[in-house]
Amino acid sequence: MSRSERLLDLIQILRRHRRPVSGRTLAGEMSVSIRTLYRDIATLQGQGAPIEGEAGLGYVLKPGFMLPPLMFTDEEIEAIVLGSRWVAKQPDKRLAAAATDALSKIAAVLPDDLREDLDATTLLVGPSSASVEAIDLGVVRQAIRDERKLGFLYSDARGAASERMVWPFALGFFDKVRVMVAWCEMRQDFRHFRADRMSHLSATDIRYPRRRQAMLKEWRATLDKPAQKVPKNSAD
């Protein structure tokens with residue numbers, strides 16, 4: 001591995017850690033000596049990378065740092081293309097368009113040989129399912145980002161409809177259905193709502209009283225309970 005490749009790897013490792021990480025941990029991940037690690041940190045800092053910390057305390061990369069065009073391995077290119085192509089076939093039109101745009105932006109900054117590999121990858125995505133949502137999933141994603149309540153009409157498996165007001169915090173993409181995970185005010189519990197059974201979606205400006213990350217953590221804990229290892233897809 002060249003030194004430039006090692007420096008890029010170090011940046012990528014720091015990106016994965018949100019909290020300060022010790023020099024010895026970083027050196028272990030990169031399979032280099034602690035002395036080499038310290039030299040690499042100093043080199044990156046000298047080149048303008050906003051790495052904070054010092055020996056004995058740990059290091060952290062401040063958010064917002066933009067890397068120059070990166071070199072990708074063959075498998076990394078395949079993962080990028082396959083993931084983008086899958087998202088581009090989803091019913092969420094805005095997310096699909098964003099995936100196509102993102103792939104174009106990545107291609108624009110790649111060297112010519114890697115751009116050819118990007119175009120020539122033979123990993124294909126099959127046709128999307130026939131399931132069609134009557135709601136705009138972009139509204140759901142925005143509510144999750146903004147931590148805002150959502151109102152809608154929901155039909156259960158038997159066709160019975162009920163009005164719901166929920167605190168959405170996650171959206172699951174499966175082969176045949178999209179599922180919103182939320183705290184339901186009516187049930188006073190976590191519930192899973194199939195997007196194809198939702199209608200009359202109403203976005204609100206009301207911020208729900210919990211942080212979405214806290215709810216996500218709490219919801220995940222419920223999945224570890226023996227009786228709830230397989231979550232229900234509906235809000236029965």
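**Close-up views of a predicted model**

**View 1. An aromatic cluster brings six residues together.** Trp-167, Phe-169, Trp-183, Phe-190, Tyr-208 and Trp-219 make up one aromatic cluster in this model, which is predicted rather than determined by experiment. Within the structure the count of aromatic pairs comes to ten. In the pair formed by Trp-167 and Tyr-208, the ring centres lie 6.0 Å apart and the planes meet at 10°, so the two rings are classed as stacked. Because Trp-167 belongs to strand β4 and Tyr-208 to the loop between β7 and α8, this pair ties together parts that are 41 residues apart in sequence. Trp-167 is buried, with a relative accessible area of 11%, and Tyr-208 also counts as buried, at 2% relative accessibility.

**View 2. Phe-152 and Tyr-154 form an edge-to-face pair.** Among the ten aromatic pairs is the one between Phe-152 and Tyr-154, which is edge-to-face, with 6.3 Å from centre to centre and 80° between the planes. Both Phe-152 and Tyr-154 are buried.

**View 3. Five strands form an open sheet.** The strands follow the order β6-β5-β4-β3-β7, and their pairing is antiparallel. At the edges lie β6 (189-194) and β7 (198-207), each of which pairs on one side only. Neighbouring strands of the sheet are turned against each other by 45° on average, direction ignored. Strand β3 (residues 148-155) pairs with β7 in the antiparallel sense over five bridges, and Arg-148 has Arg-207, in β7, as its bridge partner.

View 4. Helix α8 (residues 212-223) lies across β4, β5 and β6, and runs at about 90° to β4.

View 5. Leu-137 has its place in helix α7 and is buried, with a relative accessible area of 4%. When residues up to four places away in sequence are not counted, Leu-137 touches Asp-92, Leu-171, Arg-178 and Ala-195. The C-alpha atoms of Leu-137 and Met-180 are 9.5 Å apart in space, although these residues are 43 residues apart in sequence.

View 6. A polar atom of the Asp-156 side chain lies 2.9 Å from the backbone nitrogen of Arg-158.

View 7. Leaving aside neighbours within four places in sequence, Glu-52 is in contact with Gly-58, Tyr-59, Val-60 and Lys-62. For one of these contacts, Lys-62, the C-alpha atom is separated from that of Glu-52 by 7.2 Å, with the two residues ten residues apart along the chain.

Methods: Residues are numbered from 1 along each chain as its sequence is written. This is a predicted model: local features need pLDDT of at least 70, side-chain atom pairs count only at pLDDT 80 or more; totals for chains, interfaces and linings use all residues. Side-chain values use heavy atoms; hydrogens and water are left out. Two strands pair if DSSP finds at least two bridges between them. Helices (H or I, at least four residues) and strands (E, at least two) are DSSP runs, numbered from the N terminus. Axes are lines fitted to C-alpha atoms, for helices over the stretch in contact, and angles run from 0 to 180 degrees between N-to-C directions. Contact means heavy atoms within 4.5 Å. Buried means under 20% relative accessible area, exposed over 50%, partly exposed in between (1.4 Å probe, protein chains only). A polar contact is a pair of N or O atoms within 3.5 Å; within protein, one must be able to donate a hydrogen and the other to accept it, and residues adjacent in sequence count only if both atoms are side-chain atoms. Rings of Phe, Tyr and Trp (its six-membered ring) pair if their centres lie within 6.5 Å; planes under 30 degrees apart count as stacked, over 60 as edge-to-face and the rest as tilted.
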